[in-house]
Amino acid sequence: MASSTGIACGDTKIVSPKGIHKATIVWLHDIGEKGRDSAIFVRQLNLPTVKWICPTAPRRPVTSLGGTQTTAWSDVTGVSENMEDDMVSLNSIAAFVVNLLQDEPNNVMIGLGGIGLGASVALYLATCYITGWQQTIRLRAIVGINGWLPAWRNLRQNMSFNYGTPSLAPSVPILLTHGTCLSDAIVPLSVGNRCRDTLHRAGFPVTFTPYEGNHHATVPQVINVVRMWLTTNFQL
């Protein structure tokens, strides 16, 4: 189904709050997954005052998968510090995510999160927010599990020239979790470390929590860390 931004995304799953609606978080899945997978994950967090919006990415060929068609927020050529980012798709998806949040109540806190490529989109949108683009929403928190930071060199350059409004960065805390398995060829730990360091230098309050294992994010340690961090930062 085409969205108002012209992107042919799949179904969006909504996990409604069971108590007082305090926060709304858009949760973005990894390559090859759907919004229903995100809904399964966020329900495990057991945060009854949070509304979760779980969209499904468009289907597209993914270069790192040999051109296989699957759900993906952007093309990925391979995750490394020198990877080429699909900026056209990233910018389109950033606008799509912001549009999902336009009708949320003013008294509700707004956050973004995701796993893998979904985490990368959330982190990219955080950098768009502090450099003056996509400020129609007020971001309060970002969660990234096993992700990376697209266009990280551009962010460093923008910060060095005082472009936009970098003073917003301290108001957007970020939680990063990453598997420590050195043999993880999907998103190497070195890429997670680069992401952490770049965001920290840009002024974001970054909490980096490594965990034993690889790219899989459903281990109890990750679920517990995300639950506790969101509870603290959103005062849930």
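Reader: What should I know before we start?

Author: This is a predicted model, in which local features need pLDDT of at least 70, side-chain atom pairs count only at pLDDT 80 or more, and totals for chains, interfaces and linings use all residues. Residues are numbered from 1 along each chain as its sequence is written, and side-chain values use heavy atoms, with hydrogens and water left out.

Reader: How many helices and strands are there in the chain?

Author: The chain has six helices and nine strands. Helices (H or I, at least four residues) and strands (E, at least two) are DSSP runs, numbered from the N terminus.

Reader: Why is Val26 called buried?

Author: Buried means under 20% relative accessible area, exposed means over 50%, and partly exposed is in between, with a 1.4 Å probe and protein chains only. Val26 has a relative accessible area of 0%, so the residue is buried. Across the chain, 50% of the 236 residues count as buried.

Reader: What does Val26 touch?

Author: Val26 sits in strand β2 (residues 23-28). Contact means heavy atoms within 4.5 Å. Not counting residues up to four places away in sequence, Val26 touches Ile53, Pro55, Val97, Leu100, Leu101, Gly111, Leu112 and Gly113. Leu112 is 86 residues from Val26 in sequence, yet their C-alpha atoms are 4.9 Å apart. For the chain, residues 24 or more positions apart account for 76% of the contacts with a separation of 6 or more.

Reader: What makes Lys51 and Glu104 a salt bridge?

Author: A salt bridge is a side-chain nitrogen of Lys or Arg within 4 Å of a carboxyl oxygen of Asp or Glu. The N to O distance between the side chains of Lys51 and Glu104 is 2.9 Å, and they meet in a salt bridge. The pair links distant parts of the chain, 53 residues apart: Lys51 is in strand β3 (residues 50-54) and Glu104 in the loop between α2 (87-100) and β6 (109-115). Glu104 has a relative accessible area of 11%, so this residue is buried.

Reader: How many salt bridges does the structure hold?

Author: There are three. In one of them, Asp86 pairs with Arg60, with the closest N and O atoms 3.9 Å apart. Asp86 lies in the loop between β5 (68-71) and α2 and Arg60 in strand β4, so the pair ties together parts that are 26 residues apart in sequence. Arg60 is at 17% relative accessibility and therefore counts as buried. Another salt bridge joins the side chains of Arg196 and Asp197, at 2.9 Å from N to O.

Reader: What makes a positive surface patch of Lys13, Lys34, Arg36 and Arg59?

Author: Patches are made of residues with over 30% relative accessible area and no salt bridge: like charges are joined within 9 Å, and nonpolar side chains (Val, Leu, Ile, Met, Phe, Trp, Tyr) within 5 Å. Lys and Arg count as positive and Asp and Glu as negative, while His and the chain ends are not counted. The place of a charge is taken as NZ of Lys, CZ of Arg, CG of Asp or CD of Glu. Lys13, Lys34, Arg36 and Arg59 form such a positive patch. Arg59 is in strand β4 (residues 59-62), and its 55% relative accessibility is why Arg59 counts as exposed.

Reader: Why is Pro61 called partly exposed?

Author: Pro61 is at 45% relative accessibility, so it counts as partly exposed. Pro61 also lies in strand β4. Leaving aside neighbours within four places in sequence, Pro61 is in contact with Gly67, Thr68, Gln69 and Asp75.

Key: Areas by Shrake-Rupley, 256 points an atom, 1.4 Å probe, with all protein chains shown as cover.
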